[in-house]
Structure formats: structure tokens, C-alpha cells
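Dear colleague,

I am passing on the structure we spoke about, and I would be glad if you could look through it alongside the notes that follow.

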Amino acid sequence: MLRILGTTFAALLGLAFGSFLNVCLSRWPANESIVAPHSHCRTCHRTLLWWENIPLFSWLALRGRCRTCRALIGLRYTLVEVSVSTLWVLCAWRALSVFPEQTVTISYTPAFLLSGLGTAIFLWMLIALAVLDAENLWLPDFLTIPGIILGLLFRTGAKILGNPYYKLPPLGVILLNLEYIAAAAALILLIRGIYWLIRRQEGIGLGDAKLMAMLAAWLGLPGTILAFFLGVVLGALVAVAIIVAPNAKRTASMKLPFGTFLCIGGIVSALWGQSILASYLAWAGF
Ligand SMILES: [Zn+2]
């Protein structure tokens, strides 16, 4: 019962935080405040009525258009709201699994809840970065740097709470995680350096290196390598699709948002990474 109630709450909270994220995603690139003025149509600048701010419902009621100027409300708004809500439902359902069946010993409960909360924050930030890179080719430091620090704190906390007999002291856990973060960032810097030597131009930005460091802070090294692999495969598929597409224009000069693919890889890795890695190891015969 608690699990169902908690998950429903997470779904509604996810819609609200997705809606808030949409405001941020429209205003951060334009360097506008996210608190004032009130939400308005970005075409006719009319301030929205209270019910026009209700996530998902308002979009359906308005059939995706502004009430006065009929400008299309981007599909991104609904997509972001539904994504945050869906991912938070998954987080809550898993984190609250400790309650009904008691499959996990009670001493693990705080660690479970903490990592559930952490994952929800992490996924919210990944959606933010994915959209910002897709729309503006921009992975702002004010998201990735706090992302690294938060990841370090949550991961260390969950590790220590999760296993009271954990051999490493807290400082040891932090140091180990810092090594992972450095290794992940170094991988991107290495690729960036090689690309520079061959092509004499920027292939991957420094923002991608910080994003990789953030992934490592939350996912650890194997999870980050999985996210990177998924991101590269997805990026390659999209690149091929663009080249093959009949109305391909200015493909040569087009820059693909690698950060977006990396974020999607990170989301998959955060939710299903352990089972993917486990089945891969079983398949490879380890
Ligand atoms: Zn309008």
C-alpha cells in the first residue's frame, strides 16, 4: 500500500518537477530569471492562467497550441514532463520495494531510500543536460559540477549505510570514487586530444568531459563505461540516419549533441546497468 501511494506521489511530483524543468530549459539559455516573470507564452508573451500551468493536462486541453496566438507549444514540454514523471515512478517503485515483502533486511532500508532519492535527482539532471545539449549544444558547469559533488556524496552515503561492515572508511570510499571520476574525465580528454591531433578541430567539448565525470560520480566505473558505450552507439545510429535521410542538408557542418546521447546512456545505465552488465558477464563467460 505504501509502495503504491509513494509511487503515485512520485508520478505527480515528477510532472511538477518536469514542468519546472521546462521553465529552466527555456530561460537558462536566454539568461533569464527562473522565478520572475510568471510563465508566459514565448510567442505572444501573454501571462498564462493558473490552469494553463498544469502539466500535461493543459497541453491536452489546449491541444498543443497557445490559447490566444495559436502558436504551437513545443512537444518538448510534454516530453520532459512525461519523462521525469516516468523515471521517478521507476525510482520510487524500486526504492519502496523494501516495505511490502521485506525481501531486503531492514538494516538496508535507509541505504535503499537514499539511493532511490539520489537516482531521482540524478535522472532529473540528466534530462536537463540532454535537452540543453540537444537544443543549444550546451552542457553548463552550473549543472555538471554540482552533479559531480552530489553524486560523490550520495554514492558514498549509500555505500556506507548499505553495508555497516564495509571495509573502506568513508574517506577511502570518497578517494576511490574520485579515482573513478578522474578516469572517466581522462577518457574524454584523451579522445579529445587524439581528435585534435588528427583533425585540428574540437571534436568533443570540455562539457562532455565534466558530464562523464558526473556519470562516474553516480554510476561508478563499469556503469559509466556502459553509459559511454550506449552513447557512442546511439550517436553513430543517429549520424547514419541523418546521412541516409533523403533530405539531408548541410550534414557535413552539423554538430551532433554527443552529451545528449551520453545522458540517455546514463539514464539506461542508472536504471538497468547492473542487470545489463550481469547478463553481459554471464554471456562472456565470466
Ligand atoms: Zn501565445
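How close do the axes of helix α1 and helix α4 come, and at what angle do they cross? In this model, which is predicted, the axes of α1 (residues 2-27) and α4 (residues 109-136) come within 11 Å and cross at roughly 35 degrees, and the crossing is right-handed. On the α1 side the contact is made by Phe 17, Leu 21, Cys 24 and Leu 25, and on the α4 side by Trp 124, Ile 127, Ala 128, Val 131 and Leu 132; by class, this contact has 9 nonpolar residues, with no polar and no charged ones.

Before the other pairs, a word on the whole. The secondary structure of the protein comes to 8 helices and 0 strands. With 286 residues, a compact globule would have a radius of gyration near 19 Å, and the 21 Å of the protein agrees with that, while its C-alpha atoms fill a box of roughly 60 × 60 × 35 Å along the principal axes.

As to confidence, the mean pLDDT of the protein is 89, and 92% of its residues reach 70 or more. Where pLDDT is low, the predicted coordinates should not be read in detail.

Helix α4 also packs with helix α3 (residues 75-95), their axes coming within 9 Å and crossing at roughly 165 degrees; because angles over 145 degrees count as roughly antiparallel, α3 is roughly antiparallel to α4. This crossing, too, is right-handed. Residues of α3 including Val 80, Val 84, Leu 87, Trp 88 and Cys 91 meet residues of α4, among them Phe 112, Leu 113, Gly 116, Leu 123 and Trp 124, and by class the contact has 14 nonpolar, 3 polar and 2 charged residues. Trp 124, Ile 127 and Val 131 of α4 take part in the contact with α3 and are also named in the contact with α1.

The last pair is helix α5 (residues 141-162) and helix α6 (residues 170-199), which pack at an angle of about 135 degrees with their axes 10 Å apart, and so α5 is oblique to α6. Here α5 passes α6 in a right-handed crossing. The contact involves Ile 148, Leu 152, Arg 155, Thr 156, Lys 159 and Ile 160 of α5, together with Pro 170, Val 173, Ile 174, Asn 177 and Ile 181 of α6, and by class it has 7 nonpolar, 2 polar and 2 charged residues.

Definitions and conventions: Residues numbered from 1 in each chain as written. Predicted model: local features only at pLDDT ≥ 70, side-chain atom pairs only at ≥ 80, totals over all residues. Axes fitted to C-alpha atoms, helices over the stretch in contact; angles between N-to-C directions. Helix = DSSP H or I, 4+ residues; strand = E, 2+ residues; numbered from the N terminus. Parallel < 35°, antiparallel > 145°, perpendicular 65-115°, else oblique. Left-handed = near helix turned anticlockwise from the far one by under 90°. Contact = placed C-beta atoms within 7 Å. Nonpolar A, V, L, I, M, F, W, Y, C, P; charged D, E, K, R; others polar. pLDDT = per-residue confidence, 0-100. Rg over C-alpha atoms; globule rule 2.2 N^0.38 Å.
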